[in-house]
Amino acid sequence: QAAAFGGFVRDLRRVEASLRLRRRRLLAALEADEIIPSVTAFPLMGTDDFTAPPTDPRGPVAVSDACSDALINPHPRFATLTANIRKRRGSKVNIKVPLFIDKDTRARLAAEEAEGRGPKNPA
């Protein structure tokens with residue numbers, strides 16, 4: 001069984017090597033017309049219960065609207081770092097991506113709202 005990565009610089013080097021190895025293995029298994037998409041964030045991050053077990057956002061450290069404090073770095077300096085960023089900016093970091101409005105957007109948003117998933121006031 002593989003050991004989890006720690007919080008040291010040497011562990012960061014191990015993470016990069018591990019990711020490179022995984023990518024090589026994936027590339028070797030692909031057909032000529034297949035690709036490996038790169039995702040920089042967990043696809044469902046910030047939606048409903050995307051953690052197991054479910055966690056609540058808006059913790060005292062990150063004060064995030066999307067992510068629980070349980071998901072962030074537990075290093076003692078991280079809480080101070082995030083607090084300093086908010087203080088320097090004068091607000092929380094806004095990570096929301098603007099909604100692209102096209103001819104199908106209103107219908108999709110109405111359907112999602114009817115299902116109880118969509119925003120109440122779309123841009």
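What you are looking at is a predicted model, in which local features need pLDDT of at least 70 and side-chain atom pairs count only at pLDDT 80 or more, while totals for chains, interfaces and linings use all residues. Residues are numbered from 1 along each chain as its sequence is written, and side-chain values use heavy atoms, with hydrogens and water left out.

Let us start with the overall plan. The protein chain has 3 helices and 0 strands, and its elements run α-α-α from the N terminus on. Helices (H or I, at least four residues) and strands (E, at least two) are DSSP runs, numbered from the N terminus. Of the 123 residues in the protein chain, 14% are buried; buried means under 20% relative accessible area, exposed means over 50%, and partly exposed lies in between (1.4 Å probe, protein chains only). Among the contacts with a separation of 6 or more, 9% are between residues 24 or more positions apart, where a contact means heavy atoms within 4.5 Å.

Now for the charged side chains. Side chains of opposite charge can pair when their charged atoms come close. A salt bridge is counted when a side-chain nitrogen of Lys or Arg is within 4 Å of a carboxyl oxygen of Asp or Glu, and by this rule the count comes to 4 salt bridges.

Aspartate 11 and arginine 14 both lie in helix 1 (residues 9-29), 3 residues apart, which is about one turn of the helix. Their side chains meet in a salt bridge, 3.2 Å from N to O. Aspartate 11 is buried, at 6% relative accessible area, whereas arginine 14 is partly exposed, at 40%. Further along, arginine 20 forms a salt bridge with glutamate 16, with the closest N and O atoms 2.6 Å apart. Arginine 20 and glutamate 16 are 4 residues apart in helix 1, so about one helical turn separates them. Glutamate 16 is partly exposed, with 42% relative accessibility.

Next comes the loop between helix 1 and helix 2, the place of arginine 58. Arginine 58 forms a salt bridge with aspartate 65, the closest N and O atoms being 3.8 Å apart. Salt bridges that share partners join Arg58, Asp65 and Lys92 into one network. Arginine 58 is exposed, with a relative accessible area of 55%, while aspartate 65 is partly exposed, at 41%.

The backbone of this loop also deserves a look. Most residues other than glycine have a negative phi, and most peptide bonds are trans. Arginine 58, however, has a positive phi near 65 degrees. Valine 63, also in the loop between helix 1 and helix 2, has a positive phi near 50 degrees and is partly exposed, at 28% relative accessible area. Proline 53 has its place in this loop too, and the peptide bond from alanine 52 to proline 53 is cis, with omega near 0 degrees.

Finally, turn to helix 2 (residues 76-89), where arginine 86 lies. Leaving aside residues up to four places away in sequence, arginine 86 touches Pro60, Val61, Ala62, Val63, Ser91 and Lys92.
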